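This report describes the structure shown below.

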Amino acid sequence: MTIQTPLRPETTKTGSIRSVDADRTAGRRGGRSNWPVTVVLVLCALSILVPLYVTLTMAFKTTGQAVDGNAFSLPAPFSVDGFVQAWELTDFPRAFGVSVLVAAITVVGTILLASFTAFAIARNWDRRLFRWSFFYLLAAMFLPFPVLALSQVKLTGLAHLDNPFGVAILHVMFQLSFSVLLFTAFLRSIPAELEESARIDGASTGQVFWRLVFPLLAPMSATVGIFAFLASWNDFVMPSLITSDPALQTLPVLQQMFQTQFSNNYNVSFASYLMAMAPAIIVYLVTQRWVMAGVTQGAIK
């Protein structure tokens with residue numbers, strides 16, 4: 001009796017080789033870059049980096065170099081005269097202090113009021129009043145300030161709030177809708193059992209919020225805070241319409257007021273712009289990890 005040893009079919013071997021080749025080909029395809037998206041992202045990055053580069057180079061040039069028509073050349077020699085002139089011409093310390101005051105009130109007020117409101121809405125969502133209040137706040141997001149400018153100017157004048165404090169209050173009000181939306185979405189992800197256990201231990205509603213809920217809102221508070229800061233620091237329309245005293249104007253408005261005095265001193269102009277936007281860039285760079293953490297956690301939860 002002859003026992004025949006089964007032979008391994010060539011097709012199996014070939015098929016396995018083909019499957020391996022197919023897997024390698026698929027892997028190479030999966031590792032390829034999406035060139036259209038890459039090109040768009042590069043163009044978007046250049047649209048920010050090129051103006052920023054021109055601003056930096058022009059700010060550190062002398063007056064003669066600034067008007068030679070070559071904006072992309074490096075400063076030679078390196079000069080800070082533009083910063084000195086801009087500092088004195090615009091009274092930068094005073095305008096900077098006003099902008100910091102308005103931004104600080106806006107950030108603190110937005111975080112506190114939005115977290116209070118979102119906590120009440122999220123924990124009473126089954127009640128019609130709170131649910132419709134949330135929809136009312138969302139509807140307010142579709143009302144830009146220019147539409148309400150005349151009425152706001154009239155009301156702040158009657159209430160004697162035609163000053164930086166009135167501007168800060170309006171900033172808080174216009175940031176409230178978006179901030180409540182972020183806080184509410186984040187609060188829904190926090191288990192209600194944590195609050196129930198605290199209430200069983202005898203904690204009041206205020207204690208539950210301050211000792212338990214508010215610390216958990218730290219990532220989203222950072223996100224809301226940076227959005228409120230950027231909106232307040234870069235705002236031009238609202239301070240220019242609300243504040244009646246030119247000496248109490250914020251940096252963007254003050255720069256526009258002194259624009260004619262800059263004349264052809266482009267180095268002074270760009271130095272002034274750089275000083276005005278530097279705090280916003282620094283704040284974002286320092287807090288971006290908390291901002292990204294808050295947005296990511298809010299989206300996942």
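## Basis of the model

This is a predicted model, in which local features need pLDDT of at least 70, side-chain atom pairs count only at pLDDT 80 or more, and totals for chains, interfaces and linings use all residues. Residues are numbered from 1 along each chain as its sequence is written, and side-chain values use heavy atoms, with hydrogens and water left out.

## Overall fold

The protein chain has 15 helices and zero strands. Both are DSSP runs numbered from the N terminus: helices are H or I of at least four residues, and strands are E of at least two.

Of the 301 residues, 33% count as buried, that is, under 20% relative accessible area; exposed means over 50%, and partly exposed lies in between (1.4 Å probe, protein chains only). Among contacts (heavy atoms within 4.5 Å) between residues at least 6 apart in sequence, 72% join residues at least 24 apart.

## Nonpolar cores

A nonpolar core is a set of buried Ala, Val, Leu, Ile, Met, Phe, Trp, Tyr and Cys residues joined through side-chain atoms within 4.5 Å. The largest one holds 43 residues, of which F83, V180, F183, L187, V213, L217 and F229 touch the most other members. Elements that contribute two or more residues to this core include α4 (81-89), α5 (92-123), α8 (164-187) and α15 (266-300). The largest share, ten residues, comes from α5.

A second, separate core has nine residues, among them F145, A149, V167 and A168.

## Helix α4 and its surroundings

Within α4, the buried residues are G82, F83 and A86. Viewed down the axis of α4, its buried residues fall within an arc of 95°, so they line one face of the helix; the arc is that of the directions from the helix axis to the C-beta atoms. Leaving aside residues up to four places away in sequence, F83 touches A59, F60, A271, L274 and M275.

Q85 also belongs to α4, but is partly exposed, with a relative accessible area of 32%. With residues up to four places away in sequence again not counted, Q85 touches N265 and V268. The C-alpha atoms of Q85 and S272 are separated by 8.9 Å, although these residues lie 187 residues apart along the chain. Just after α4, D91 takes a positive phi of about 50°.
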